[in-house]
Amino acid sequence: MKTIVIAEIGVNHNGDIAIARRLIDAAAEAKADYVKFQTFVPEKLASAAAPQAAYQRQNQPETTDENQLDMLRRLALSETDFYLLADYCASRGIGFLSSPFDQESIDLLLRLDIDTWKIPSGEITNYPYLVQIARSGKPIILSTGMSSLEEIGEALSVLTANGLTKEKITLLHCTTEYPAPYEDVHLHAMRRLGEIFGVKTGYSDHTEGTAIAVAAAALGACVIEKHFTLDRQMAGPDHKASIEPEELKQLVASIRAVEKALEGETKQPLAGEAENRAVARKSIVAATEIRQGELFTENNLTTKRPGIGISPMKWNEIIGTPANRDYKPDELITL
């Protein structure tokens, strides 16, 4: 099974379409399957009373006087920008995704004919939002950060009640901290979600580095989502919790290696191992000079490489039998 790798740009373009294109280039070069943006109308996403999150204030101390709405206005892309970016993704051979945060943005992404919805963790309790997306009939990837099992079940009930089958739903286990401490990941919860709800599962990773995302792939994640940036030192709320282009390349390559390693379940000698068997294994050899007719003993026999003679597993069958000819030290015993 191929793991879908989503390179999450989010708002790491800082509201600049030129930076967004460079991020698409980096994701395409890393061979990710999709890039993902965030589509929102600032005034319809947050009120003027909404504060920035603590990590947002910490990651951009120069803007501590801003509220969340001010920040969103700086980071928003226009409708025209999204049309251009979707076309640019197509030209680079990488899929285009974006998480909508309001009804107007859902309508825009419908016009762009995205093939899959990516619902962020913050919208899992947004009933009218879930209904509108479910009724489109398109597959959904739903992040579950900050959610209880009860809330996840309620969201799935809304989606299925509005025409979406479970086969079209993928749940992403997620820890909504930036960055998420390793001890807060609880990675086995990813598989538990699949067992409880009977849907495909994956992992949206907010930890530092790439190790946990690779581990999720090894545990069977069908989707891996990871924030990335051109440079973690750039100004903005999410850069510090993101990986850089070279790390993204390593992540994709590691996940593809894991996929290959998970192929097949049989345990048997493989063709590629045949040459190494003779090199790595041992044979029964003479430890001393042995004369014809002399009995083989534990004192005049030993085991050494190469493994092209009698297997040491035949040791008890050889001990006590007469030598069939003269042997010099290290010479393979033959029957």
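Where is Pro179 found? I began my notebook with that question, and the answer is the loop between β6 (169-174) and α9 (189-197). A note to myself before going on: this is a predicted model.

**Entry: the loop between β6 and α9**

From Tyr178 to Pro179 the bond is cis, and omega is near -5°. I then checked His186, which also has its place in the loop between β6 and α9. Phi of His186 is near 50°, a positive value in a residue other than glycine. I wrote down both because most residues other than glycine have a negative phi, and most peptide bonds are trans.

**Entry: another cis bond**

Which peptide bond has omega near 5°? I found that the bond from Arg305 to Pro306 does, and that bond is cis. Pro306 sits in the loop between β10 (301-304) and α13 (315-318).

**Entry: the span with a UniProt record**

I looked up the record for residues 283-335. UniProt lists this span as "domain: AFP-like", in an unreviewed entry. In the model, I see that the span is 8% helix and 15% strand. The C-alpha atoms at the ends of residues 283-335 lie 13 Å apart.

**Entry: helices α1 and α5**

Next I turned to helix packing. Two packed helices are described by the angle between their axes and the distance between the axes. For helix α1 (residues 17-29) and helix α5 (residues 79-92), I noted an angle of about 25° and axes 10 Å apart. That angle makes α1 roughly parallel to α5, because angles under 35 degrees count as such. The crossing of α1 past α5 is right-handed.

Which residues make the contact? From α1 I listed Ile17, Ala20, Arg21, Ile24, Asp25, Ala28 and Glu29. From α5 come Asp81, Leu84, Leu85, Tyr88, Cys89 and Arg92. Sorting the contact of α1 with α5 by class, I got eight nonpolar residues, five charged and no polar.

**Entry: helices α8 and α9**

I went back to α9 and its packing with helix α8 (residues 149-161). The two pack at an angle of about 50°, and their axes are 12 Å apart. α8 and α9 are therefore oblique to each other. Here, α8 passes α9 in a right-handed crossing.

On the α8 side I found Leu149, Ile152, Gly153 and Leu156, which meet Leu193, Ile196 and Phe197 in α9. The contact of α8 with α9 holds six nonpolar residues, one polar and no charged.

**Entry: aromatic pairs**

How many aromatic pairs are there? I counted rings with centres within 6.5 Å, and the count comes to four aromatic pairs. One of them is formed by Phe37 and Phe96: the pair is tilted, with 5.9 Å centre to centre and 35° between the planes. Phe37 lies in strand β2 (residues 34-39) and Phe96 in strand β3 (residues 95-100), so this pair ties together parts that are 59 residues apart in sequence.

How values were computed. Residues numbered from 1 in each chain as written. Predicted model: local features only at pLDDT ≥ 70, side-chain atom pairs only at ≥ 80, totals over all residues. Heavy atoms only, no water. Axes fitted to C-alpha atoms, helices over the stretch in contact; angles between N-to-C directions. Helix = DSSP H or I, 4+ residues; strand = E, 2+ residues; numbered from the N terminus. Parallel < 35°, antiparallel > 145°, perpendicular 65-115°, else oblique. Left-handed = near helix turned anticlockwise from the far one by under 90°. Contact = heavy atoms within 4.5 Å. Nonpolar A, V, L, I, M, F, W, Y, C, P; charged D, E, K, R; others polar. UniProt positions renumbered as here; feature names shortened; annotations may be inferred. Phe/Tyr/Trp six-rings, centres within 6.5 Å; stacked < 30°, edge-to-face > 60°.
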